Amino acid sequence: MKHWSVYTGSDLWISLILMIFSGYVIHGALDLGVGTPREPGSGFMFLGTATLLGLLAIALFFRATLGRRQAAGSAERTHGWRILVVVAANFAYIFLMTPVGYVLCTFAFLFLLFQIYEKGSWIGAVAWSAATSVLSYLLFSTLLQVNLPQGLLRLG
Amino acid sequence: MWTDILYGFQVALTPDNLLFCFLGVLLGTLMGVLPGIGPAGAMAILLPISLQITPVGSIIMLAGIYYGSMYGGSTTSILVSIPGEAASVMTCVDGYQMALKGKAGPALGICAIGSFIAGTFSVVGLMLLAVPLAAAALKFGPPEFFSLVLMGLVLATYLSTKSALKALMSALLGMLLSWVGIDLVNGTNRFTFDLLELADGVGIVPLIMGLFGIAEVFSELEKSAVKTVSKVEITNLLPNREEWRQSAGAITRGSLLGFFLGMIPGGGGIIASFMSYIVEKKVSKHPERFGTGEIAGVAGPESANNAAAGSALIPLLSLGIPMNGTVSLLFAALMIHGVRPGPMLFSEHPDVFWGIVASMYVGNVMLLILNLPLIGMWVKVLKVPYRIIFPLIMLFCIIGVYAINLKTIDLGLMLAFGILGYLMRKFGFDPAPLCLAFILGPLLEVAMRQALLLSQGSFAIFFTRPLSAVCLGIALVLMLSNFIPFFSRKREKML
């Protein structure tokens, strides 16, 4: 069998996801109305683009199936958990910023982030977080007139 | 033209714009020095802040960040063997070896001087070529514009990563995202999921900051450790006579090569520096010395990436078509300020065009001053631990996005694009074509509709007009070549 190119195992799943996604967009485009070439409808560009994406996803699927599988990556340890924690912290920050307020939320968020990458001193992290949250509030709210939520703390 | 350039200096030398230019090159150098934050990430993080200032000041600052990061990227390449940004990868090869041999000073010096010469050369080229190109572009109709944009997009994706297939898919995703929102022709909501916030479409700022700012942080967080600065003595930044002799030709060739490659869609600094390194190795009488600390291997690529940074602005400002992902951020910034880049820019906003050109002369001088005497300061910046830097980047992204509309949904979108950008990088999809297509998508749709209206629904209009037919032909050949194993392998080898 002729090897086309180097592809990874994950490409198989990605191609399937993209096929489903393009199918969904095609369905939506048909609902929107494709129109005619003389008078293109709202779904015209979506239909053409999603169809092409679907065809490319099928090509990726076949390449992932027939192509030369890339050897497993290096054994270097990765820290995917850090990303999960940062994403969770971001979600919490987004939901709590308005009711709790910018300064308190940012303090807690930064304190967590300063500790994630590598363990440092607690006092240092508290000092950095407090200084950054207050100074950034003053800079953006006072100097640049950005209306940041005050929440529980009533500042100025 | 001299009147125009004098006018440009009048704009660029006002105290405010001088300050913005200085801030831009300073922040650009800083971001270039810090590993893990490329020019796109840096511009994305600072884009919302630039919205608080005048359009000219904002673009001068963002352009300063763009070409400033090219200067700064070489510092980490030489001292730590980590490229501060992708275009400095080739500088690591011989630059780091020079540092290990105690020649970090001349390596850093030739980078700064070569970058200055190449940067100035590309500004002269920008000044001379942009206006005639814009005049020619005024004759383009919707079919030509559609085909030109499409060709640019296909070329950019073709040259972006090893897998052209994945790059094309990335671009198609960008286009689909760009059309979300109300259809301005008939008022239909398109894929808005009945969310009022999506009626105006997906915001460019959350998308860019997510894909480049947040995703870059996620990618760095996953890694184990960051290398530390090697204990190198930095003395005597000026190269000696022999080093000058070896570098002069490399700087000239690098400047010319970078200038032309920068104008090609998808070209930019990365390909320019790679090609320059290959050329220097080919023309050298001692190619075996490359990789062991050859100064021409530093001077050539560094000049090339700086020349490419300047010349990439030519198609952006004269045709209104950004040719790579980083330049598309400048396009976005101009559009947010209500300034449409393209042939009409010179008549509608001469202050913006000539102001940028003049500020680039000034900025290049500032960069030379920043990079030679202040090199010790940048070395100290390198020692700031990443655990301090990344929370600050996250905070800047959050405030930046929130400041625009004061809506938390924008923060959610930014996070979603951050996750998407991280996954794309992890699985070999380049996010730059997505960003480029997101920006060009609405232009493509409008041009296509106008062309079809002109031709009363006949697609033949795209093939019967010579320029349009040539552009579409090139795009088609490039797309199809990806499915021919011989060409596909050649391309992968080249990249």
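Author: The model is a predicted one, and the description below starts with the extent of the interface. On one side 67 residues of chain B take part, and they are in contact with 65 residues of chain A. Put together, chain B and chain A bury about 5900 Å², and 75% of this area is on carbon and sulfur atoms. Within chain B, the residues that lose the most area to chain A are B:Leu176, B:Phe191 and B:Arg387, which together account for 12% of what that side buries.

The polar side of the interface can be described next. There are 7 residue pairs in polar contact between chain B and chain A, counted where both residues have pLDDT 80 or more. Several elements of chain B give two or more residues to the side that touches chain A, among them helix H8 (164–178), strand S2 (189–190), helix H9 (204–222) and helix H18 (386–405). Also included are helix H19 (408–426), helix H20 (431–454) and helix H23 (485–494) of chain B. H18(B) gives the most to this side, with 13 residues. Sorted by class, the side of chain B that touches chain A holds 44 nonpolar, 12 polar and 11 charged residues.

As for charged pairs, the rule finds 1 salt bridge across the interface of chain B and chain A. The partners are B:Lys166 and A:Asp11, whose side chains meet at 2.9 Å, N to O. Side chains of opposite charge can pair when their charged atoms come close. Over all chains, the count comes to 10 salt bridges. One of the others joins the side chains of B:Asp183 and B:Arg449, at 3.0 Å, N to O. B:Asp183 lies in the loop between S1 and S2 of chain B and B:Arg449 in helix H20 of chain B, so this pair ties together parts that are 266 residues apart in sequence.

By class, the lining of the second largest pocket has 26 nonpolar, 5 polar and 8 charged residues.

Among the residues that line the largest cavity are B:Tyr71, B:Ser74, B:Leu108, B:Cys111, B:Asn371 and B:Ile375. Helix H4 (55–79) and helix H6 (104–137) of chain B are the elements that give two or more residues to this lining, and H6(B) supplies the largest share, 4 residues. The lining of the largest cavity has 5 nonpolar and 4 polar residues, with no charged residues.

Notes: Residues are numbered from 1 along each chain as its sequence is written. Chains are lettered from A and ligands numbered from 1 in the order in which they are written. This is a predicted model: local features need pLDDT of at least 70, side-chain atom pairs count only at pLDDT 80 or more; totals for chains, interfaces and linings use all residues. Side-chain values use heavy atoms; hydrogens and water are left out. Contact means heavy atoms within 4.5 Å. Buried area is the accessible area (1.4 Å probe) that two parts lose on being put together, summed over both. A salt bridge is a side-chain nitrogen of Lys or Arg within 4 Å of a carboxyl oxygen of Asp or Glu. A polar contact is a pair of N or O atoms within 3.5 Å; within protein, one must be able to donate a hydrogen and the other to accept it, and residues adjacent in sequence count only if both atoms are side-chain atoms. Ala, Val, Leu, Ile, Met, Phe, Trp, Tyr, Cys and Pro count as nonpolar, Asp, Glu, Lys and Arg as charged, and the others, Gly among them, as polar. On a 1 Å grid over the protein atoms alone, a cavity is a set of points where a 1.4 Å probe fits but cannot get out, and a pocket is an open set with protein on both sides within 12 Å along at least five of seven lines; lining residues have an atom within 4 Å of a point.
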